[in-house]
Amino acid sequence: MAGIKEIAERAGVSITTVSNVLNKKKNVGAKTREKVLAIAQELGYNHKEQSGIDGKRRTIIVSFSDFDTLFYLDILHGISDYVSRQGYHILICNGDDLAHYSDPDEVCGCIILSSQILDSQVIAVADKGMPVITLDRELKHPMIKPMIVSNYEGERQLMQKLVEAGFKSFAYLSGQDTADNKERYTALRDVLRENDISFHRNDFYEGDWREKSGTQAARLIMLRDRMPEVLVCANDMMAIGAIRHFQENGIRVPEDISVCGFDDIIISRYLGLTTVSVPDYERGFLAGQALLNILDGTGDFDTYRIGARVKWRRTAAKSHK
C-alpha cells in the first residue's frame with residue numbers, strides 16, 4: 001500500500017499538502033485536492049486505515065536513549081495517560097530499534113526524546129509519512145512537530161538569580177553535545193558576560209547527563225586551589241552526583257559550594273536542589289495529545305515551546321565569600 005510520501009511525489013506537492021487533503025482541511029485548492037485524491041485512490045491508499053482511526057494500528061512509538069535517567073519516567077507517564085484514554089497503545093524502543101519498529105503498516109506515529117538518534121534517522125521516519133513529535137530538537141520537516149523546552153530562558157532566569165544573590169565565581173558541568181545543552185550553556189555565558197563576571201576554560205567540565213559524571217566533576221573541582229562559589233549543572237542527575245561526592249568528602253553544600261541543576265526530577269525536591277523546573281508529566285501529556293490531534297486531522301506541525309521556571313532551594317545560598 002502506498003504512503004503519503006509517494007502520493008506527494010506523484011502529485012508534485014508537499015507531504016503537508018497531501019496530509020491536509022486526506023484530513024479534509026480547507027486550505028488546499030479544489031484542483032490540487034482532486035489531483036491528490038485521484039492519485040491516492042489509484043495507489044490504493046486508505047487514509048482511515050493508515051491513520052488508525054478505525055481501530056487498526058492504534059500504536060505509537062516512544063523512543064528514549066537512556067532508560068537509567070529518572071526524568072524520562074514523568075514524560076512517559078504523561079504520554080501514557082493521554083494516549084491510553086484514547087484507545088492507543090505505546091511501543092517503547094531505543095534509538096537502535098527505531099528504524100525497525102517505525103513501519104507505517106504497524107504504527108501510526110512517533111514521539112522521540114533521544115540525543116543518540118541522529119537527525120537523519122528522525123527524518124527517515126517522517127519521510128515514511130508518519131507524524132513525529134520531537135521533544136529534544138527542532139527540525140524543519142512537514143511531518144515533524146517539535147515540542148521543546150525553553151532552555152535558554154529557564155537557564156537565564158537561574159543565572160540572573162545567582163548573580164543577584166552575590167555569586168562571582170562559577171563552574172559549569174555540561175551534558176552531551178545537544179541543543180538543550182548548548183542553549184543552557186549559552187544562557188550562562190550571556191548572563192556572566194552582561195555582568196562582567198569572568199569564566200575561563202578550566203571552569204567548564206564535560207559530563208554525559210548521568211550521576212557518575214557529576215561525581216567525577218566534583219573530584220576535579222576539589223583538586224583546585226580555590227573552588228568556585230557555585231557549580232551549575234546541565235541537569236539534576238549530574239548535580240546530585242556532585243553533591244553526594246562533596247558531602248562524602250566533608251565539603252558542605254551550600255556553605256562551601258552551592259550546586260544547581262536543571263529538570264526538577266522527583267528526587268531533587270527531596271534533596272532540596274535548586275534547579276530549573278520543567279513540567280515533564282505535562283510535557284509528555286501534551287506530546288501525546290499533539291500526536292493524536294495530528295492523526296485525527298485537527299493538529300498542526302508548528303513548533304510548541306514549553307516554559308521552565310526556577311525552583312530556589314537549599315543547595316544554593318547567598319554568596320559565602
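Here is a friendly walk through this predicted model, point by point.

1. **Ground rules.** In this predicted model, local features need pLDDT of at least 70 and side-chain atom pairs count only at pLDDT 80 or more, while totals for chains, interfaces and linings use all residues. Residues are numbered from 1 along each chain as its sequence is written, and side-chain values use heavy atoms, with hydrogens and water left out.

2. **The overall picture.** The protein has 13 helices and twelve strands; these are DSSP runs numbered from the N terminus, with helices (H or I) of at least four residues and strands (E) of at least two. Along the principal axes, the C-alpha atoms fill a box of roughly 75 × 35 × 30 Å. Of the 321 residues, 55% count as buried. Here buried means under 20% relative accessible area, exposed means over 50%, and partly exposed is in between, using a 1.4 Å probe and protein chains only. Taking contacts (heavy atoms within 4.5 Å) between residues at least 6 apart in sequence, 71% join residues at least 24 apart.

3. **Salt bridges across the chain.** The whole structure holds 15 salt bridges, each defined as a side-chain nitrogen of Lys or Arg within 4 Å of a carboxyl oxygen of Asp or Glu. One of them pairs Asp 300 with Lys 145, with 2.9 Å between the closest N and O atoms. This pair links distant parts of the chain: Asp 300 is in the loop between helix H13 (280-295) and strand E11 (304-306), Lys 145 is in strand E5 (residues 144-149), and 155 residues separate them. Asp 300 is partly exposed at 36% relative accessibility, whereas Lys 145 is buried at 8%.

4. Arg 156 and Glu 194 meet through their side chains at 2.6 Å, N to O. Glu 194 is partly exposed, at 47% relative accessibility. Elsewhere in the list of salt bridges, shared partners join Asp 119, Asp 136 and Arg 137 into one network.

5. **The largest pocket.** About 570 Å³ of space lies in the largest pocket. A pocket is an open set of points on a 1 Å grid over the protein atoms alone, with protein on both sides within 12 Å along at least five of seven lines, and lining residues have an atom within 4 Å of a point. Grid points are joined across faces, edges and corners, and the volume is the space filled by probe spheres set on the points. The lining counts 32 residues, and those nearest the centre are Ser 115, Asp 136, Thr 178, Asp 180 and Trp 209. Helix H5 (71-85), E5 and H9 are the elements that give two or more residues to the lining, and H9 gives the most, with four.

6. **The buried side of H7.** In helix H7 (residues 119-126), Val 122, Val 125 and Ala 126 are buried. They cover an arc of only 100 degrees around the axis, so they lie on the same side of H7; the arc is that of the directions from the helix axis to the C-beta atoms. Their cover includes helix H6 (95-101), strand E3 (109-113), strand E4 (132-134) and E5.

7. **Backbone details to look at.** The peptide bond from Val 253 to Pro 254 is cis, with omega near 10 degrees, and Pro 254 lies in the loop between helix H11 (236-248) and strand E9 (258-260). Trp 209 is not a glycine, yet has a positive phi of about 80 degrees. Trp 209 is in the loop between strand E7 (204-206) and helix H10 (211-222), and is buried at 14% relative accessible area. Asp 264 also has a positive phi, near 70 degrees. Asp 264 sits in the loop between E9 and helix H12 (266-271) and is buried, with a relative accessible area of 4%.

Note on methods
On a 1 Å grid over the protein atoms alone, a cavity is a set of points where a 1.4 Å probe fits but cannot get out, and a pocket is an open set with protein on both sides within 12 Å along at least five of seven lines; lining residues have an atom within 4 Å of a point.
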